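Colleague: Hi! Could you walk me through this model?
Modeller: Happy to, here it comes.

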Amino acid sequence: MKEPRYLVPHLYTADPAVHVFNGKLYIYPSHDVESGIPENDNGDHFDMRDYHIFSMDDIEGVVTDHGVGLDVKDIPWAGRQLWDCDAAYKNGRYYLYFPLKDKTDIFRIGVAVSDKPEGPFIPQEAPMKGSYSIDPCVFEDEDGVHYMYFGGLWGGQLQRYRNNKAIECGHEPIDDEPALPSRVVKLNDDMLEFGEEPKEVIILDEKGDVISAGDHDRRFFEASWMHKYQGKYYFSYSTGDTHKLCYAIGDNPYGPFTYQGVILTPVVGWTTHHCVVEFKDKWYLFYHDCVPSGGKTWLRSLKVIELQYDKDGQIETINGMI
Ligand code: FUB
């Protein structure tokens with residue numbers, strides 16, 4: 001697969017999380033809608049209300065839309081805005097993790113459960129205790145332990161937290177201070193709550209210094225993803241206002257991770273978001289852009305392209321404009 005493929009022509013979909021369940025690819029994207037809310041830095045125009053779940057037997061094959069797997073009207077604690085979700089499997093049950101503003105307009109992370117990968121998913125009564133911000137990504141390590149990575153700046157509210165507590169004055173650090181990191185937390189055995197206090201995902205530069213808040217080309221903004229390649233842990237993320245997808249490599253799920261480079265150069269649209277998945281012995285980058293909507297940044301479309309590593313495990317940069 002040399003050229004990218006758009007996956008869902010009949011709906012606007014974004015923020016892909018993709019997993020192989022029962023030998024098929026299952027895609028858990030955001031479902032973008034025309035909300036009529038004016039664009040702002042808080043992301044109010046991303047007013048999504050449900051998740052459709054999709055599957056594919058083959059990367060070039062038919063994409064099946066399984067319909068709505070979770071609807072905001074069925075979530076007891078819901079305020080507004082269902083953003084990027086992810087899914088996981090354990091002991092015969094599937095778990096859908098989703099960020100949503102509660103009734104006080106604070107983002108929390110919720111979980112919903114199903115006995116099928118396509119849902120329908122039944123939400124828990126309350127968000128996960130101690131959860132905050134957006135963009136949950138759940139990674140299962142080879143020993144069966146699940147970790148959640150999460151967090152996002154600006155509209156994602158991460159700048160309002162230090163040491164997992166809300167702070168009074170939620171600003172980003174000044175330029176030469178360490179950047180605000182993504183968070184990682186081991187999940188409980190029941191998959192429904194955090195199993196520990198979330199920890200910071202530290203990204204170091206080539207000299208071993210922590211990436212600074214002013215380094216907008218490399219610092220974490222949102223859209224965490226974790227995958228493992230040849231025994232190494234690859235943490236990838238969006239740089240937000242510089243519109244890149246970058247990655248950093250570590251030796252364990254908690255890091256620290258050392259910055260390596262750019263996976264995807266900017267796409268058409270403000271946001272960029274992805275996942276990296278192995279399927280039938282090839283690696284793929286799922287991502288989104290706004291070409292089909294004529295550049296409307298809140299109406300995005302899912303794409304996939306094959307990802308290549310060099311012999312040293314470095315990811316070859318993909319041009320976001322193709
Ligand atoms: O879809 C809403 C937000 O846009 C996501 O949570 C971010 O990662 C960005 O893609």
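Colleague: How far is an oxygen atom of the ligand from an N or O atom in the side chain of His273?
Modeller: That distance is 2.7 Å, within the cut-off for a polar contact, which is a pair of N or O atoms within 3.5 Å. This is a predicted model, where local features need pLDDT of at least 70, side-chain atom pairs count only at pLDDT 80 or more, and totals for chains, interfaces and linings use all residues. Residues are numbered from 1 along each chain as its sequence is written, and side-chain values use heavy atoms, leaving out hydrogens and water.

Colleague: And what about the side chain of Asp135?
Modeller: One of its polar atoms lies 2.5 Å from a ligand oxygen. For Arg300, a side-chain N or O atom is 2.7 Å from an oxygen of the ligand.

Colleague: How much of the ligand does the protein bury?
Modeller: The protein buries 99% of the 280 Å² that the ligand exposes when taken alone (Shrake-Rupley areas, 1.4 Å probe).

Colleague: New topic: how many helices and strands are there?
Modeller: Zero helices and 23 strands, as DSSP runs numbered from the N terminus (H or I of at least four residues for helices, E of at least two for strands).

Colleague: Which residues touch the most others in the largest nonpolar core?
Modeller: Tyr28, Tyr97, Phe98, Met148 and Phe286, out of 96 members. Such a core joins buried Ala, Val, Leu, Ile, Met, Phe, Trp, Tyr and Cys residues through side-chain atoms within 4.5 Å, where buried means under 20% relative accessible area (1.4 Å probe, protein chains only). Strand β7, residues 93–101, gives this core the most, with six residues.

Technical notes: Buried means under 20% relative accessible area, exposed over 50%, partly exposed in between (1.4 Å probe, protein chains only). A polar contact is a pair of N or O atoms within 3.5 Å; within protein, one must be able to donate a hydrogen and the other to accept it, and residues adjacent in sequence count only if both atoms are side-chain atoms.
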